[in-house]
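Please study the sequence and the structure shown below. Then work through the exercises, each of which is followed by a solution in steps.

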Amino acid sequence: MNEHRHYSPSICVTHRCNLNCVYCYQQHDQSKMSFETGKEVMKKIFASVPEECDDIHIGFIGGEPMLEFELIRDICEYTWQRQASKPYIFFATTNGTILTEEMKQWLISNIQRFKLQLSLDGNRETQNFNRSNSFDKIDIPFFQKYYLDQGVKMTVSEYSIQHFAENVKFIHSLGFDVHGSNLAEGNFEWDNDNNLKILAEQLTELVDFYVAHPEIKPCQLLDKTLAFCEQKITVRKKYCGIGYGANFFDYDGTEYPCPYCTPMTFTSQELDSIQKTDLQMMTILLMKTVMKTVTYIQYVPPVREIIIYKQGSLINMKGVNAE
């Protein structure tokens with residue numbers, strides 16, 4: 001059976017953000033996309049869909065993408081009026097703090113063709129520490145009613161690592177799955193023995209929780225199979241689609257190989273080097289990275305085990321927490 005493959009281009013509508021998250025790696029400015037550039041980007045996207053892809057998932061990102069709601073709306077409605085070569089859907093991930101009634105009504109009326117995912121790091125205390133006192137600015141019931149199936153994306157910071165299990169269970173108590181549980185990038189040493197001990201303790205607590213609640217889908221850090229963990233990888237493969245399936249279009253229309261290779265995360269010299277790299281032919285990427293041992297912790301319910309694997313992995317790839 002052939003694997004179903006998506007073409008997943010991203011459109012950066014703005015470099016602006018209204019929050020100042022403790023782990024943010026982006027360099028924000030006032031840059032934003034024009035409607036004319038947006039139309040040209042859409043033409044490029046539909047003209048460059050890889051043949052092996054079955055459909056298109058077009059993501060709006062930032063900054064905080066909903067700061068440019070009118071532009072997103074105009075690009076979507078422009079595209080919906082035109083014929084497309086393959087099925088497609090629009091989506092965005094948002095911090096959820098600036099949704100107006102006008103935005104909500106438009107989103108509701110287009111819910112089958114535009115999806116929205118909430119970034120939420122956990123309970124009020126954690127969210128306010130990590131994400132600029134923003135908990136009470138989010139209309140959580142709106143996301144529960146209309147986007148429960150999209151789950152929540154959370155980021156684990158140096159502060160919240162010791163509360164990871166508590167925060168995951170809090171998000172589940174709201175009815176959401178945790179579709180993303182990224183470890184924050186930056187200077188924090190995730191592979192430090194003490195931090196690994198804390199993380200293992202938190203994951204052990206979550207294993208017990210998921211065993212007691214088999215109806216709840218485990219969070220991203222615990223959702224791999226034992227077969228995946230045990231496989232012997234001799235050649236590192238690119239599953240992310242960089243360079244051909246996850247193109248990124250910046251606010252000015254410039255195309256980059258993926259949403260983590262952007263002017264908000266790399267210098268112009270680094271980006272120039274990346275652009276010259278033959279990403280299709282590479283199996284090990286060395287873009288601003290070093291080889292280092294990291295830990296992968298995987299769990300398969302209902303087996304009550306935490307399997308900790310250490311293997312060589314590329315690190316310092318900025319952008320894992322992109323909105």
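The model is predicted.

**Exercise 1.** Determine how strand S1 pairs with S3.

*Solution.* Step 1: strand S1 covers residues 6-7, and two bridges join S1 to S3. Step 2: the two strands run parallel. Step 3: Tyr-7 faces Ile-56 in S3.

**Exercise 2.** Describe how strand S2 is joined to S3, and state the handedness of the crossover from S2 to S3.

*Solution.* Step 1: S2, residues 10-12, is linked to S3 by three bridges, and the strands are parallel. Step 2: Cys-12 is found opposite Ile-61 in S3. Step 3: between S2 and S3 the chain passes through helix H1 (residues 35-47), forming a right-handed β-α-β crossover.

**Exercise 3.** Which residue in S4 is the bridge partner of His-57?

*Solution.* Step 1: S3 pairs with strand S4 (residues 88-94) in the parallel sense, over five bridges. Step 2: the partner of His-57 in S4 is Ile-89. Step 3: the path from S3 to S4 leads through helix H2 (residues 69-80), and this β-α-β crossover is right-handed.

**Exercise 4.** How many of the seven residues of S3 are buried?

*Solution.* Strand S3 spans residues 55-61, and six of its seven residues are buried, which leaves the strand mostly covered.

**Exercise 5.** Is Thr-265 buried or exposed?

*Solution.* Step 1: Thr-265 belongs to the loop between strand S9 (255-256) and helix H9 (268-275). Step 2: its relative accessible area is 5%. Step 3: buried means under 20%, so Thr-265 is buried. Step 4: Thr-265 and Gln-26 are 239 residues apart in sequence, yet 5.4 Å apart in space, C-alpha to C-alpha.

How values were computed:
Residues numbered from 1 in each chain as written. Predicted model: local features only at pLDDT ≥ 70, side-chain atom pairs only at ≥ 80, totals over all residues. Heavy atoms only, no water. Buried < 20%, exposed > 50% of the residue type's maximum accessible area, 1.4 Å probe, protein only. Helix = DSSP H or I, 4+ residues; strand = E, 2+ residues; numbered from the N terminus. Pairing = 2+ DSSP bridges. Right-handed = clockwise from strand over helix to strand, strands pointing away.
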